[in-house]
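Work through the exercises below with the sequence and the model open. Each task is followed by a solution in steps.

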Amino acid sequence: MSLLHEWNTFETRRQFFSRGKNALGAAALSSLLGEAVSSQALAGQGSVSPHWAPKAKRVIYLHMVGGPSQMDLFDYKPGMKDWYDKDLPASIRNGQRLTTMTSGQARFPIAPSKFNFAQYGKCGMWMNSDLLPHLSKNADDICWMRSMHTEAINHEPAICAMQTGNQITGRPCLGSWASYGLGSVNSNLPNFVVLIATPTNREQEQAISSRLWSSGYLPGEHAGVSFRSKGDPILFINNPPGVPSSVRKRTIEGLNALNELNYRQVGDPETHTRIQQYEMAFRMQASVPELTDLSKEPEHIFKMYGDEAKKPGTFANGVLMARRLAERGVRFTQIYLNNWDHHSNVGGRMPSQCKDIDQPCHALIEDLKQRGMFEDTLIIWGGEFGRTIYSQGGLSKENYGRDHHPRCFTMWMAGGGSKGGAIYGETDEFSYNIVKDPLHIRDFHATVLHLLGYNSDRFTYKFQGLDQKLTGVEAAKVVKALIA
């Protein structure tokens, strides 16, 4: 009896309804291929060959949870000083939907950035000169995107859209798509690793959870594996007292033998995932301790990343760990840094937030350059939306708050085939509307996939009878101006 026949005989009810209409086609394929139909093919596992040679072989994605204020960091608007405490013109707002946090305000007073700016690099990028002394040195290495926009105005749908291409949860995230496509380089580590950094200031953090690094309808092995900053990097990675590795190995082999029997009968992809995860967990018992032991890093590396890099859980520590993961073949590393939801106290919180990221981001670029990895490692930095030019709550020249703003915000990329020194997109004098080269999230995703070697329209996965893709059903274009 062939595996395919067993699969059709014993499949679960869920599989029957999701795949049943394709049974005749599967049977026809089986008759053509004979016994060569493998369990891997049945489960939809395996890498997808790139459509062209990828410029980026791996990604380090630095997500600033909450939405950084673009006009306080990268979108310089000097003319706003003359608008201090004046009302945002109705022609600029143009009926835009507001959050409930400011929709009831009697006024929308303009809050100019309190920080100084200067131009850096040959590209002449304007950057916050008070708070970004290290990153400003890399102005010509970075591809600046000042015209990002989204439809989502609240955190949950916005961060979901940025990570998965859709405001509704349950879809695979960018990291899972990269894992699914590129496949594994190091069988002792996951393809996709998630790190959650603790900000210095914890005034207003947003909730994040594993839904953001879910594999959705892709096979479960492509979900992100979250590493902890304290205690064991992964729960239960160490054997219990009195249980040697030889016993653990025999246990896993026995469990996997049972799972393999079940998989051959039922063909459930989740069983296949379970087999792979047990095997991965066993291999990680040897690889993860070496990975997370930073004691062998030379002192000049800690000097480059800053003293915080020695402290587990900090953003600097996470970025250094991301470089170590990239060195060892991990395809996608995602770091989340919270507390960018600046509804109040921008003046008090922005300095600590920038101190958290400034030196580590600069160090990561320089470190990858020194190791010959910058050209094929794509670094992404950004949040889920931007902030308003008008103040939320009290306003003074030294302090103010800013509400959510989806119409325009700034992100950046570096390395991995992105175009260093490019400054893409322009906003109006209020950093409120885009006036040149709008860049939607789906176009950004299509461009990232292009750098990874994939055509976003052809990089699909069959689910619920449709060829699902990261960029969704609307047309997405690759922005060539962002590519070196």
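**Exercise 1. Contacts and overall make-up**

Task: Find what share of the contacts in the protein with a separation of 6 or more comes from residues 24 or more positions apart.

Solution. Take contact to mean heavy atoms within 4.5 Å. Of the contacts with a separation of 6 or more, 78% join residues 24 or more positions apart. The model is predicted: local features need pLDDT of at least 70, side-chain atom pairs count only at pLDDT 80 or more, and totals for chains, interfaces and linings use all residues. Residues are numbered from 1 along each chain as its sequence is written, and side-chain values use heavy atoms, with hydrogens and water left out.

Next, list the secondary structure. Helices (H or I, at least four residues) and strands (E, at least two) are DSSP runs, numbered from the N terminus. The protein has 13 helices and 17 strands.

Finally, consider burial. A residue is buried under 20% relative accessible area, exposed over 50% and partly exposed in between (1.4 Å probe, protein chains only). Of the 484 residues in the protein, 54% are buried.

**Exercise 2. Strand β7 and its partners**

Task: Determine which way the residues of β7 point, and which strands pair with β7 in the parallel sense.

Solution. Start with the strand itself: β7 covers residues 332-337, and six of its six residues are buried. In a regular strand the side chains alternate between the two faces of the sheet. In β7, F332, Q334 and Y336 point one way, while T333, I335 and L337 point the other way.

Then find the partners. Two strands pair if DSSP finds at least two bridges between them. Strand β1 (residues 58-64) runs parallel to β7 over six bridges, and Y61 has Q334 as its bridge partner in β7.

**Exercise 3. Strands β9 and β10**

Task: In which sense do β9 and β10 pair?

Solution. Locate β9 at residues 386-391, where six of six residues are buried. β9 pairs with β10 (residues 402-405) in the antiparallel sense over three bridges. As a check, look at S391, which stands opposite R402 in β10.

**Exercise 4. Two helix pairs**

Task: Describe how α11 packs with α12, and how α6 packs with α13.

Solution. Axes are lines fitted to C-alpha atoms, for helices over the stretch in contact, and angles run from 0 to 180 degrees between N-to-C directions. Helix α11 (residues 315-327) and helix α12 (residues 346-370) pack at about 15°, with axes 9 Å apart. α11 is therefore roughly parallel to α12, a class for angles under 35 degrees. On the α11 side the contact uses F315, A316, V319 and R323; on the α12 side it uses D356, I357, P360, C361, L364, D367 and L368. By class there are eight nonpolar, no polar and three charged residues. Nonpolar here means Ala, Val, Leu, Ile, Met, Phe, Trp, Tyr, Cys and Pro; charged means Asp, Glu, Lys and Arg; the others, Gly among them, are polar.

For the second pair, α6 (residues 155-164) and α13 (residues 441-451) pack at about 30°, with axes 9 Å apart. That makes α6 roughly parallel to α13. A161, M162 and T164 of α6 meet I441, F444 and H445 of α13. This contact divides into four nonpolar, two polar and no charged residues.

Note on methods
Angles under 35 degrees count as roughly parallel, over 145 as roughly antiparallel, 65 to 115 as roughly perpendicular and the rest as oblique.
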